[in-house]
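I opened this entry to work through one model in order.

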Amino acid sequence: MSIASLHRISARIVRHSTLLRHRPFSTPSAAPTRSAKVADRIVNLSAIDVEGKKHKVVGLAGQTLLKALCNAGLIDPESHRLEQIDACSSECEVHVAQEWLERLPPPSYDETYVLKRNSRNQELNKHARLGCQVVLERDLEGMVIAVPKAKPWDTN
């Protein structure tokens, strides 16, 4: 695809989105109700920090657990720049309460490898998951997770 055709496509998208933004609605009921859709995606979680303090964490279905924990200030967003397993160094490791483990999909081979590689004795904690690999869903409402203490090699 040439650069000229990409410019034409992007110009069409900009025009189309501008038309949609400036189109008047005929009735108030025709206006989009974004708040209702967002409200339907909210997932409330409980997170226990390193000091044992419980925090309410609000995430959205389809969002990663890492994103929700970063938004709540429990994980430093700079410690995990990409939400891809290839770039993960397990700084987003969390421990999931036993009753919630069965509700999560099993960890992938890559997730297990990263967790084992970065554990002190190369053993996998059965409650450990990577926040960047756990995608929130509505049926995870009320899930309890713990944010473990940073490993000595993760701190400056």
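**Core.** I began with the largest nonpolar core of this predicted model. I counted 31 residues in it. Leu65, Leu69, Ile75, Val96, Met143 and Ile145 touch the most other members. I then looked up which elements give two or more residues to this core: E1, helix H3 (65-71), E3, helix H4 (98-101), H5 and E4. H3 gives the largest share, 5 residues.

I took Leu65 as a case. Leaving aside neighbours within four places in sequence, I found Leu65 in contact with Leu45, Val94, Gly131, Val134, Leu136, Met143 and Ile145.

**Sheet.** In what order do the 5 strands of the open sheet run? I read E2-E1-E5-E3-E4, with mixed pairing. E2 and strand E4 (128-130) stand at the edges. Each has a single partner strand, so one side of each is left without a neighbour in the sheet. I noted an average twist of 40° from one strand to the next.

I went through the pairings next. E1 and E2 are antiparallel and share 7 bridges. In that pair, Ile48 has Lys54 of E2 as its bridge partner. E1 and strand E5 (residues 144-146) run parallel, joined by 3 bridges. Here Ile48 stands opposite Ala146 in E5.

Val94 stands opposite Arg129 in E4. Helix H5 (residues 109-117) packs on the sheet and touches E3 and E4. I noted about 115° between the direction of H5 and that of E4.

**Salt bridges.** How many salt bridges does the count come to? I got 2. One joins the side chains of Glu111 and Arg129, at 2.8 Å, N to O. Glu111 lies in helix H5 and Arg129 in strand E4, so this pair ties together parts that are 18 residues apart in sequence.

Are the two partners buried or exposed? Glu111 counts as buried because its relative accessibility is 2%, under the 20% cut-off. Arg129 is buried too, at 6%.

Another salt bridge is formed by the side chains of Glu141 and Arg138, at 3.4 Å, N to O. Glu141 is partly exposed, with a relative accessible area of 33%. Arg138 also counts as partly exposed, at 42% relative accessibility.

I finished at the hairpin of E1 and E2, which has 5 residues between the strands. Gly52 takes a positive phi there, near 90°. Where does Lys53 lie? I placed Lys53 in the loop between strand E1 (42-48) and strand E2 (54-60).

Why does Lys53 count as exposed? Its relative accessibility is 52%, and the class begins over 50%. Beyond neighbours within four places in sequence, I listed Ala47 and Ile48 as the contacts of Lys53.

I also checked Lys53 against Ala146. The two are 93 residues apart in sequence, and their C-alpha atoms are 9.8 Å apart in space.

Methods. Residues numbered from 1 in each chain as written. Predicted model: local features only at pLDDT ≥ 70, side-chain atom pairs only at ≥ 80, totals over all residues. Heavy atoms only, no water. Helix = DSSP H or I, 4+ residues; strand = E, 2+ residues; numbered from the N terminus. Buried < 20%, exposed > 50% of the residue type's maximum accessible area, 1.4 Å probe, protein only. Contact = heavy atoms within 4.5 Å. Pairing = 2+ DSSP bridges. Axes fitted to C-alpha atoms, helices over the stretch in contact; angles between N-to-C directions. Salt bridge = Lys/Arg side-chain N within 4 Å of Asp/Glu carboxyl O. Core = buried A, V, L, I, M, F, W, Y, C linked by side-chain atoms within 4.5 Å.
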